[in-house]
Amino acid sequence: MKEFDKQLYDLLDANKIKRGEMMKNHTTFRIGGPADYFVMPESKEEIQSVLNLCKKEKVPFYIIGNGSNLLVSDEGFKGVILQIGKGMDQISLEEDGKVRAFSGAMLSRLAQVIAEHELTGFEFASGIPGSLGGAVSMNAGAYGREIKDVIVEATVVDDHNEIKVLSKDELKLSYRKSIVQTQGYVVIEALFAFKPGKKEEILQKMNELNQKRREKQPLNFPSAGSTFKRPEGYFAGKLIEDAGLRGFRVGGAAVSNKHCGFIINEENATAKDVRELIRQVDMRVYEQFGVHLEPEIRMIGQF
Ligand SMILES: Cc1cc2nc3c(=O)[nH]c(=O)nc-3n(C[C@H](O)[C@H](O)[C@H](O)COP(=O)(O)OP(=O)(O)OC[C@H]3O[C@@H](n4cnc5c(N)ncnc54)[C@H](O)[C@@H]3O)c2cc1C
């Protein structure tokens, strides 16, 4: 590790590297132990060089954005976490309603900029608390729309550490899935296409959707949003509620009273509490309804 350490500091300024950084500081669940290395690259070249080094030295790595869909183990992560955010969040307007943004841009800001330019089609994403990279990887969606509906292409670093531009079809976007996720690509930037709209109407729609979120979701507790994917033909939250699990707890983790599809960090929950609650919820729902609940959240580290 010593040699790796030196090589990493040769690649990046010291202020872009933290050692032993607690991942609970970088997840909306406010859960997660230390990462050996937490690095904040600010260009595709820096990303490529860190990935290159990790691969050469066989050091595990994981890419994160805003950490809003992550459960990181209490033991943390043995390797390098690359956070793509600040410094990689530029947004620019192109012709014909096209907008280009770097993967560290937050969806809320992106939605605001798109609205300011009187373009419609991204209102659905304005309340999702993630980065563009995370949203492409997860094909994030809400209120009947998803990233797939508005993306044109994305620039990624592929598994051979090469830059590739993937079309919408090549991204293989489906329900909370993409080739980025299945192949471990890194999103650098993406291009979107929108239709002209009226700024007041766009802002009003965003306000309405965000008001709906505040009414329905337990936004006053740390969480990673919907814990489970929607099983075909069902709603996870409804199955959990019907199984009598509203408010069900393991340690400090609980099924939200407000929205049963959310597991919340009610009181100093550990990752172990959340993992066990996920297991028990799935087991009880399966016993009663014969339906398995697959986690939507991504789990990192040892469980
Ligand atoms: C209160 C709340 C509400 C939410 N509501 C919604 C919702 O309505 N719809 C929805 O879809 N999600 C929702 N989520 C979940 C989450 O916000 C989204 O999945 C979001 O897109 C994740 O983005 P992120 O930057 O936080 O990604 P992270 O959580 O940091 O990472 C998620 C996944 O994306 C990968 N990833 C991140 N950045 C990159 C990159 N640059 N290149 C390659 N891979 C990358 C990570 O490796 C990981 O696999 C909600 C979460 C919360 C806390």
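Predicted model: local features only at pLDDT ≥ 70, side-chain atom pairs only at ≥ 80, totals over all residues.

Trainee: What is the phi of Lys58 like?
Mentor: Lys58 has a positive phi of about 55°, although it is not a glycine.

Trainee: And is Lys58 buried or exposed?
Mentor: Exposed, because Lys58 has 8 C-beta neighbours inside 10 Å. The cut-off for exposed is 12 or fewer.

Trainee: Where does helix α2 lie?
Mentor: Helix α2 covers residues 44–56 and lies across β11, β12 and β13. Against β11 it runs at about 45°.

Trainee: Those strands, then. What is the order of the strands in the open sheet?
Mentor: Five strands, in the order β6-β7-β13-β11-β12. The pairing is antiparallel.

Trainee: Which are the edge strands?
Mentor: β6 and β12, and each pairs on one side only.

Trainee: How are neighbouring strands turned against each other?
Mentor: By 15° on average, ignoring direction.

Trainee: What holds strands together in general?
Mentor: Strands of a sheet pair through backbone hydrogen bonds, either parallel or antiparallel.

Trainee: How many bridges join β11 to β13?
Mentor: Six, and the two strands run antiparallel. Look for Ile151, which stands opposite Phe192 in β13.

Trainee: And how many bridges join β11 to β12?
Mentor: Five, again in an antiparallel pair. There, Glu153 stands opposite Ser167 in β12. β11 and β12 form a hairpin with five residues between them. In its turn, Asn161 has a positive phi of about 70°.

Trainee: What about β7 and β13?
Mentor: They pair in the antiparallel sense over five bridges. Phe102 faces Glu189 of β13 there, standing opposite it.

Trainee: New topic. Which residues of helix α3 are buried?
Mentor: Leu107, Leu110, Ala111, Ile114 and Ala115. Seen down the axis of α3, the buried residues fall within an arc of 135°, so they line one face of the helix.

Trainee: Which residue just after α3 takes a positive phi?
Mentor: Glu118, at about 55°.

Trainee: Last stop. Where is Asn268 found?
Mentor: In the loop between β18 and α8. Asn268 is not a glycine, yet its phi is positive, about 50°. It counts as exposed because it has 11 C-beta neighbours inside 10 Å.

Trainee: And which residue is found in helix α8?
Mentor: One to look at is Glu287. With 9 C-beta neighbours inside 10 Å, Glu287 counts as exposed. The C-alpha atoms of Glu287 and Ala243 are separated by 9.2 Å, and the two residues are 44 residues apart along the chain.

Terms used
Residues numbered from 1 in each chain as written. Buried ≥ 20, exposed ≤ 12 C-beta atoms within 10 Å, placed from the backbone. Helix = DSSP H or I, 4+ residues; strand = E, 2+ residues; numbered from the N terminus. Arc of directions from axis to C-beta. Pairing = 2+ DSSP bridges. Axes fitted to C-alpha atoms, helices over the stretch in contact; angles between N-to-C directions. Contact = placed C-beta atoms within 7 Å.
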